[in-house]
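Work through the exercises below with the model open beside you, and try each task before you read its solution.

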Amino acid sequence: EFKIGDYPSLGLKEARIKRDELKRDIELNGLDEVISKIKLKKAEQKKVFSNIVKEWMEVYKKGKAKRSVTTTIQRLQKHILPIFKNKDISKITTKDIYNLLKKAKKPTAEKLKSILNGIFTYAISKEYIKHNIIKDIDLKQLFHTTSKNHYPFITDLEEVKIYFNEVKDISNRPIVKGAIKIIWLTALRQGSVRAIKWEHIDF
């Protein structure tokens with residue numbers, strides 16, 4: 001008994017055509033050969049990336065927040081599936097992964113790598129692949145440069161005095177004005193200034 005499709009995705013006319021093709025194939029090549037080809041095709045279909053993603057999602061979404069699942073699906077649809085959808089997962093290379101990740105900014109690339117790692121780990125558990133190539137991906141190879149930002153600053157003393165004195169117009173609360181002046185004078189962080197106690201102040 002052979003299953004050639006599911007109704008209604010496979011129409012009656014198309015089903016009859018496939019049935020006739022299957023009969024001819026059996027007559028020409030023999031039943032054993034046809035069965036072997038069907039098994040091979042099914043095994044290949046299981047290794048198609050999009051099919052593995054569907055299987056993985058059923059496992060992944062258990063216990064996950066709805067928002068997290070939705071975000072993962074969006075990232076898959078936007079970045080990953082357009083490239084790997086119809087590929088055999090065993091044929092995907094580290095170069096393919098790097099080419100995908102380098103198109104994204106670092107934070108997004110990190111998220112995509114995490115998703116891919118989950119998919120490839122699942123594929124190993126199902127014996128679709130023997131090695132998780134995502135483990136070989138080093139994002140430092142793509143994002144090894146650090147940008148240095150130079151922020152504007154004032155060097156003219158008279159101009160500094162103007163800004164310092166204008167603090168009075170920032171807020172009506174003396175404690176806020178005092179905190180701002182302390183930050184200017186000491187270069188302390190806001191958190192440190194908020195934690196100051198009176199015994200720390202030497203007038």
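**Exercise 1. Find which residues of helix 4 and helix 6 meet, and then work out how the two helices are oriented.**

Solution. Begin with the contact, meaning heavy atoms within 4.5 Å: on the helix 4 side it is formed by Thr72, Arg75, Leu76, His79 and Ile80, and on the helix 6 side by Thr108, Lys111, Leu112, Ile115, Leu116 and Ile119. Sorted by class, this contact of helix 4 with helix 6 holds 6 nonpolar, 3 polar and 2 charged residues, where Ala, Val, Leu, Ile, Met, Phe, Trp, Tyr, Cys and Pro count as nonpolar, Asp, Glu, Lys and Arg as charged, and the others, Gly among them, as polar.

Next, take the axes of helix 4 (residues 66–84) and helix 6 (residues 106–125), which come within 11 Å and cross at roughly 100 degrees; helices here are DSSP runs (H or I, at least four residues), numbered from the N terminus. Axes are lines fitted to C-alpha atoms over the stretch in contact, and angles run from 0 to 180 degrees between N-to-C directions. Helix 4 and helix 6 are therefore roughly perpendicular to each other, a term that covers 65 to 115 degrees.

The model is predicted, with local features requiring pLDDT of at least 70 and side-chain atom pairs counted only at pLDDT 80 or more, while totals for chains, interfaces and linings use all residues. Residues are numbered from 1 along each chain as its sequence is written, and side-chain values use heavy atoms, leaving out hydrogens and water.

**Exercise 2. Describe how helix 5 is placed against helix 4 and against helix 6.**

Solution. First, the axes of helix 4 and helix 5 (residues 94–101) come within 11 Å and cross at roughly 145 degrees. His79, Ile80, Ile83 and Phe84 of helix 4 make the contact with Asp96, Ile97 and Leu100 of helix 5, and these residues divide into 5 nonpolar, 1 polar and 1 charged.

Then turn to helix 5 and helix 6, whose axes come within 10 Å and cross at roughly 145 degrees. Here Ile97, Leu100 and Leu101 in helix 5 meet Ala109, Leu112, Lys113 and Leu116 in helix 6, giving 6 nonpolar, no polar and 1 charged residue.

**Exercise 3. Decide where in the chain confidence is lowest and where it is highest.**

Solution. Start from the chain average, a pLDDT (the predictor's confidence in each residue, from 0 to 100) of 81, with 73% of the residues scoring at least 70. Confidence is lowest in helix 2 (residues 31–46), at a mean of 60, and highest in helix 5, at 95. Where pLDDT is low, the predicted coordinates should not be read in detail.

How values were computed. Angles under 35 degrees count as roughly parallel, over 145 as roughly antiparallel, 65 to 115 as roughly perpendicular and the rest as oblique.
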